[in-house]
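Dear colleague,

Please find below the structure I am handing over to you, with its sequence. My notes on what was found in it follow.

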Amino acid sequence: MKECTALLTLTAVLLAISVSSAQEGKPPAAKYQKDARIYAELTLAPEKARAKRNPFEKDPEAVAAGRNLFEQHCAECHGASAEGGKKGPSLRAQEVQEAPPGSIFWILTNGVVRRGMPVWSKLPEPRRWQLVTYLKSLGASGPSTPPAQP
Amino acid sequence: MAFLRFRFWLLFLLLPLGGCFSLTARAQESPYIVAYDHYLEEPGNLEIEYFSALGTQRAGNNFHSFWAEFEYGATAWWTTEFYLDGQTTFGDSTIFTGFRWENRIRPLKREHFINPILYFEYEHKSGADKILKEVEGHDVESDFLTPNAEARKEHNHEIELKLILSSTFKGWNFTENTLAAKNLSNNPWEFGYALGTSRPLALKASAKRCTFCPQNFSVGAEMYGGLGDHHHFGLRDTSHYLAPAVAWNLPSGWTLRLSPGFGLNDNSHRFLLRWGLSREISGFGTMAGRLFGGRR
């Protein structure tokens, strides 16, 4: 019985640690640095991945389907309009909007798991391209800039 | 009485979670019930799952086992999960049979053709456990003949290690799980396996939200069984199952799974009918953090 109680306590403690580590708030400067590191991942896509063509480029149906997928899977972290959220960077930033579609597809497929972005290869390839089509339809809202120093 | 206590605890745990959080995520869940693929829970999300298994028993009473799972994405590379198990043996009794705590870790940063996941589980269960979440060693149908009152007196502390190798190609997922389990008393290591394949019925998403469209369904099959133990490795005196499976991801955020399983030899239960219901709560970590006074 004692062992059981000890294990339950240990489980609760570890769960609490994992919950707090997952949700810990970040000051703006730290958030900017984190976002910048995630944007930098776009440049790491191999040449072959960057050169891939989006089969749904400018397809209005793919934009609508991509919007649905975005709301289901991405809005929680990146914000309802992809403007960025507590956990994920803005996807309207120039870094994303000017990136080749293949790079965005590559990030969706591989995630940035050490920085909190999960792997999305569980979505079949056509759905990932539909998401890319939607993201590209948003247009840039300007470069991501560091917060003003106090 | 034990049954009522168990249901009380289930309600105690499930009601506040299910009722308080309205932010549900619509995950793309696989139809697997026994096998694991390499996809982890999204960070900060909690998935609450309930599963049932109805099993036939030769020379004994049929049974209904059930378990609740609380699966939490601690990070993008670590998912932790807590289980509560119980069972009803018809004509006998309903009892709580134990708990499990499992962890799945993704060691590689990127997606590869074959993706490994490391799995570690601790189980504290009684001898009456019948959830058949995995089949290992020389687990056979006749093990379940012991009456609950006697079987529940046996307490097992067990660790279980799995290597999950999973691959997704053109919408198809193929997964292979190898398991090694050790009862922490003086028992040998036992081995088992689970194989699975699945695919969504449609690879493209439709532009309109829909309930019955093919994109919301995934179908597949899994096969699992024991591989003996350290002293007698192999297929002799082991049981094996083949189970087609289907998952329906509803737009409301719920996922339904159904899997009829068939025993492949005389050591296996002839038929297992499993079904499950799950719901994912996105942003659970943030909400729980606020509850405990975290930063807004």
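The model is a predicted one. Between the two chains, 36 residues of chain A are in contact with 39 residues of chain B. On the side of chain A that touches chain B, the elements giving two or more residues are helix 1 (2-23), helix 4 (60-73), helix 7 (101-110) and helix 8 (125-138) of chain A. Helix 1 of chain A contributes the most to that side, with ten residues. By residue class, the side of chain A that touches chain B comprises 15 nonpolar, 14 polar and seven charged residues.

Two of these helices also meet within chain A. The axes of helix 4 and helix 8 of chain A come within 7 Å and cross at roughly 100 degrees; as this angle lies in the range 65 to 115, the two helices are therefore roughly perpendicular to each other. Among the residues making the contact are A:Ala62, A:Gly66 and A:Phe70 of helix 4 of chain A, and A:Gln130, A:Leu131 and A:Tyr134 of helix 8 of chain A. The residues of this contact divide into seven nonpolar, four polar and two charged.

Not counting residues up to four places away in sequence, A:Ile104 touches A:Val96, A:Ala99, A:Val132 and A:Leu135.

With kind regards

Terms used. Residues numbered from 1 in each chain as written. Chains lettered and ligands numbered in written order. Predicted model: local features only at pLDDT ≥ 70, side-chain atom pairs only at ≥ 80, totals over all residues. Contact = placed C-beta atoms within 7 Å. Helix = DSSP H or I, 4+ residues; strand = E, 2+ residues; numbered from the N terminus. Nonpolar A, V, L, I, M, F, W, Y, C, P; charged D, E, K, R; others polar. Axes fitted to C-alpha atoms, helices over the stretch in contact; angles between N-to-C directions. Parallel < 35°, antiparallel > 145°, perpendicular 65-115°, else oblique.
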